[in-house]
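Here is a short report on a structure, written to be read alongside the sequence and the coordinates.

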Amino acid sequence: MPMIDADGCLINVSVEGRDGGPTLMLSNSLGCTLQMWEPQMKALTQVFRVIRYDRRGHGKSNVPPGPYTMERFGRDVLAILDDLNIEKVHWCGLSMGGMVGQWLGANAPERFGKLILANTSCYYAEPTKWLERIDAVKKGGIAAVADAVIAGWLTQDFREREPDITARMKTMLLATPVEGYLACCEALSTLDQRAMLPDIKSPTLVIAGRHDMATPISAGELIRSNIPGASMTIIDAAHISNVEQPHAFTDAVVGFLTQR
């Protein structure tokens with residue numbers, strides 16, 4: 001896996017799949033590494049060259065001091081594409097990855113084919129939830145919020161049915177560097193990308209989770225209704241829908257990206 005320099009921050013990047021195929025870039029949720037996409041990789045690498053990466057402050061990437069911004073995250077992505085000498089990709093981002101995708105679609109449209117914005121939001125009307133989480137993590141580390149986060153990521157039914165997968169997701173969350181997690185939470189506390197949505201011209205699919213309390217269907221509908229021509233599909237899952245419903249998620253992604 002290469003480490004790619006984005007303005008002095010080394011970003012951990014993985015490239016797999018079909019050399020001659022179209023390229024798809026995947027972007028993770030807050031508190032996740034590129035490993036969150038494992039349920040999709042077997043299917044996606046048969047069709048696409050797939051780029052995954054650890055966002056700054058996460059996984060094996062560097063943890064520069066905050067504050068971070070959506071623009072910074074977007075410019076990290078462009079630095080990765082430039083380093084790999086890749087002109088254009090499709091994008092699939094979940095949660096925070098979907099927020100970065102909105103910025104990219106509006107600000108670097110020439111670099112992106114189709115966009116998939118999954119379990120995400122363009123705007124938080126009230127920063128209280130994020131400020132409370134920041135305070136809790138500063139006092140008690142990520143362990144202080146881990147159980148509540150996992151309860152939002154995956155439905156109770158799934159957590160009971162798939163304890164091993166749930167445990168792996170929690171381990172991934174707990175391994176996130178505290179400084180990086182806090183800097184990302186600070187970026188989310190001021191999120192408002194509503195004004196840029198009409199500038200997105202890429203064909204766009206919004207994916208929402210029927211049981212997602214973090215970024216509910218209404219948040220996905222706000223995005224869909226403000227991006228010209230966007231469509232939306234709902235999956236029977238909570239927030240990390242690609243893990244909870246891997247087949248339905250993969251089918252939605254491949255179907256959208258391969259349709260003429």
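## Basis

The model is predicted. Every value below is computed from it.

Helix H3 covers residues 96–107. Its 12 residues should span 16 Å at 1.5 Å a residue. The end C-alpha atoms are 17 Å apart, which agrees.

H3 is mostly covered, with 11 of its 12 residues buried. Among them are Met-96, Met-99, Val-100, Trp-103 and Leu-104. The glycines Gly-97, Gly-98, Gly-101 and Gly-105 are buried too, as are Gln-102 and Ala-106. Which elements do the buried residues of H3 pack against? Three are strands: E3 (23–27), E5 (89–94) and E6. The others are helices: H2, H8 (178–189) and H9 (217–226).

Helix H2 runs over residues 70–83. Its 14 residues should span 20 Å at 1.5 Å a residue, and the end C-alpha atoms are 20 Å apart, so the two agree. Of these 14 residues, 10 are buried, which leaves H2 mostly covered. The buried set includes the charged pair Arg-72 and Asp-76. It also includes Met-70, Phe-73, Val-77, Leu-78, Ile-80 and Leu-81. Asn-85 follows H2 and has a positive phi, near 60°.

H8 has 12 residues and reaches 16 Å from its first C-alpha to its last. That is close to the 16 Å expected at 1.5 Å a residue. Nine of the 12 residues are buried, so H8 is largely enclosed by the rest of the structure. Cys-184 and Cys-185 are among the buried residues, along with Tyr-181, Leu-182 and Leu-188. What covers the buried residues of H8? The cover includes H2, H3, H4, H5 and H7.

## Two helix pairs

H1 (residues 38–47) packs on H11 (residues 246–258) at an angle of about 20°. Their axes are 9 Å apart. Angles under 35 degrees count as roughly parallel, so H1 and H11 are roughly parallel to each other. Their crossing is right-handed. From H1, the contact uses Pro-39, Gln-40, Ala-43, Leu-44 and Val-47. From H11, it uses Pro-246, Phe-249, Thr-250, Val-253, Val-254 and Thr-258. These residues divide into eight nonpolar, three polar and no charged.

H5 (residues 143–153) and H7 (residues 163–174) pack at about 135°, with axes 10 Å apart. H5 and H7 are therefore oblique to each other. This crossing is right-handed. The contact of H5 with H7 has eight nonpolar residues, one polar and two charged.

## Backbone exceptions

Most residues other than glycine have a negative phi, and most peptide bonds are trans. Some positions in this model depart from that pattern.

Asp-7 has a positive phi of about 50° although it is not a glycine. This residue sits in the loop between strands E1 (3–6) and E2 (9–17). Is Asp-7 buried or exposed? Its relative accessible area is 66%, so Asp-7 is exposed. Ser-95 also has a positive phi, about 60°, without being a glycine. It is found in the loop between E5 and H3. At 7% relative accessibility, Ser-95 counts as buried.

The peptide bond from Gly-66 to Pro-67 is cis, with omega near 0°. Pro-67 is in the loop between strand E4 (49–53) and H2. With 67% relative accessibility, Pro-67 counts as exposed. Its C-alpha lies 16 Å from that of Val-100, which is 33 residues away in sequence. Val-100 is one of the buried residues of H3.

## Tyr-123

Tyr-123 belongs to the loop between strand E6 (112–118) and helix H4 (128–140). Its relative accessible area is 27%, so Tyr-123 is partly exposed. Beyond residues up to four places away in sequence, Tyr-123 touches Leu-191, Asp-192 and Arg-194. Gly-31 is 92 residues from Tyr-123 along the chain, and their C-alpha atoms are separated by 19 Å.

Technical notes: Residues numbered from 1 in each chain as written. Predicted model: local features only at pLDDT ≥ 70, side-chain atom pairs only at ≥ 80, totals over all residues. Heavy atoms only, no water. Helix = DSSP H or I, 4+ residues; strand = E, 2+ residues; numbered from the N terminus. Buried < 20%, exposed > 50% of the residue type's maximum accessible area, 1.4 Å probe, protein only. Contact = heavy atoms within 4.5 Å. Axes fitted to C-alpha atoms, helices over the stretch in contact; angles between N-to-C directions. Parallel < 35°, antiparallel > 145°, perpendicular 65-115°, else oblique. Left-handed = near helix turned anticlockwise from the far one by under 90°. Expected span 1.5 Å × (residues − 1).
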